[in-house]
Amino acid sequence: MTINEPFPSTNDGDGSPAFLSRWEPDRWLPGYQQCTAYFMETDDEGQVIATFVRKDPQTLLPGAQWRRFKRKAIWRNPAAILYIHGWNDHFYRRHASEFWESMGVRFYAVDLPKFGRSYRHGQTPGYTEDLHSYFPVLDALRDQIVRECGPHVRILVIGHSMGGLIASLWMHHRRPHHVTALMLNSPWLELQLTRFGRWLTTPVVRGVTMMGGKTAMPLNDPGFYSRTLYKSRGGLWHYERYQLPESIQFQPRAGWMNAIYNGQDEVAKGLDIQVPVLVCTSEKSLIQTRWDPQMARADTVLDVQSVRKAAVNLGHVVTLVSIPGALHDISMSAPDARREYFRVGLEWASQWAWGDSHVDRRAERKALDAVCAADGNEGWDAEDGDGDGAAGNGGAGDSGGADAGDADGTHSGENAGDGGVTDSSARGDDSQATNSGVEGIKGVGDGDTVDSTAATDV
């Protein structure tokens, strides 16, 4: 059976999909494929449906093909990413996928039920009353990755915002096999009002829920975040064409808000994630009722200090990274912050997720140049003459962001150890921030690992 044929569920656990469709051309992204998963579970709006997205293997550039082959056939260390989007969101960030694919890492994303490609007419967009209900969907995508990449694959899970909260809960409760590390991009681990604010407002949310879980919450979005993202509103990206119609509105509802509160309460009480965790946030938040141009270099959605305090409750080995000038979705920030995010993520994952003994610095520099030059237009179609690296849209190799450093992989900011990342625990000792925004707090042993279980604050 080829991977392009439909196949039945493996039935290796509760909640496996009843049917997976063929890989077919993606609804939005040229050069990508989507696969629809139909689950046995239903709710009051019908069958649970999710969508998986991947790069079409036939469209890989030669350098990416070689590095993917080298990982699997020569190193016998295939690597993959499982990406989980946030609220009012779905997968469209092809610049992120292309970055990882150019380094030989297979990238898979999910559109959760009632989001993006998985939304069906008549459904309440994004609605759930239990974040745990997403676990079977993530199990299914993990199984799909293992089937396609082989039993030796090492999977890095990346979660953004609400997806970071879901990923953390999944890792704690399921302890999924083949997942070796967790990377969180501005995870929604705590309410903007802080833990005390969540405690105060919980009775209100639960009271409204008693009127009906789908009761709309009176939460106003001034639109500042989208203003920092999209070209048509003054941002950096041409991704508007990959969005759902404006008629499909994501409205916060009481039952969904209660599900978020319950998940954040679990985090506050402490999780036991057994793999290393990287938590990346912006250096600062800017949440206010009037527009400020500085919002283009800050998190305008979450309180990053509350997130960082909550992050130390995730597990035993937690790395905290603050990135100056980053947006809420750090991968869509201005080129300098974007470059630092992908650089730190790659070097951290190479050590903690995949155990790589060597990072191809030449390919890394070209991938960083390309991701810095990306703007959401079709691209990432230029390679150097020997096919050993990727550049981005319109000559990104010469135009992307900050200087990449020399061939030994030295970049802006201080690197700690071989991986360029200082690991941190956040409970108790004074922090020592490097120029690149990576904190080093209370190292254990030779400083390569962190025990976060003894800390009380960041």
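Author: What follows is a quick tour of those topics.

Author: This is a predicted model, where local features need pLDDT of at least 70, side-chain atom pairs count only at pLDDT 80 or more, and totals for chains, interfaces and linings use all residues. Residues are numbered from 1 along each chain as its sequence is written, and side-chain values use heavy atoms, with hydrogens and water left out.

Reader: What is the mean pLDDT of the protein chain?

Author: The mean is 81, and 75% of the residues reach 70 or more. pLDDT is the predictor's confidence in each residue, from 0 to 100.

Reader: Where does pLDDT stay under 50?

Author: Over residues 1-13 the pLDDT is below 50, and this stretch has 23 contacts in the model beyond near neighbours in sequence. Residues 384-458 also stay under 50, with 189 contacts beyond four places in sequence. A contact means heavy atoms within 4.5 Å. Where pLDDT is low, the predicted coordinates should not be read in detail.

Reader: Helices next. At what angle do α3 and α4 cross?

Author: Roughly 80 degrees, and the axes of α3 (residues 135-149) and α4 (residues 162-174) come within 10 Å. So α3 is roughly perpendicular to α4; that class covers 65 to 115 degrees, with under 35 roughly parallel, over 145 roughly antiparallel and the rest oblique. Axes are lines fitted to C-alpha atoms, for helices over the stretch in contact, and angles run from 0 to 180 degrees between N-to-C directions. Helices (H or I, at least four residues) and strands (E, at least two) are DSSP runs, numbered from the N terminus.

Reader: Which residues in α3 and α4 meet?

Author: F135, P136, L138, D139 and R142 of α3 meet I166, L169, W170, H173 and R174 of α4. By class, this contact has 6 nonpolar, 1 polar and 3 charged residues. Ala, Val, Leu, Ile, Met, Phe, Trp, Tyr, Cys and Pro count as nonpolar, Asp, Glu, Lys and Arg as charged, and the others, Gly among them, as polar.

Reader: And α2 with α10: roughly parallel or antiparallel?

Author: The axes of α2 (residues 94-102) and α10 (residues 361-373) cross at roughly 170 degrees and come within 9 Å. The two helices are therefore roughly antiparallel. H95, F99 and S102 of α2 make the contact with A367, L368 and V371 of α10. That contact has 4 nonpolar, 2 polar and no charged residues.

Reader: Now the voids. How many cavities of 30 Å³ or more are there?

Author: There are 6. On a 1 Å grid over the protein atoms alone, a cavity is a set of points where a 1.4 Å probe fits but cannot get out; a pocket is an open set with protein on both sides within 12 Å along at least five of seven lines; lining residues have an atom within 4 Å of a point. Grid points are joined across faces, edges and corners, and a volume is the space filled by probe spheres set on the points.

Reader: What lines the largest cavity?

Author: This cavity holds about 140 Å³. Its lining has 13 residues, with R71, W75, M103, D356 and D360 nearest the centre. α1 (62-74) gives the most, with 3 residues.

Reader: How much space is in the second largest pocket?

Author: About 370 Å³. Its lining has 21 residues, and D43, V48, K114, T128 and S133 lie nearest the centre. By class, that lining has 8 nonpolar, 7 polar and 6 charged residues.
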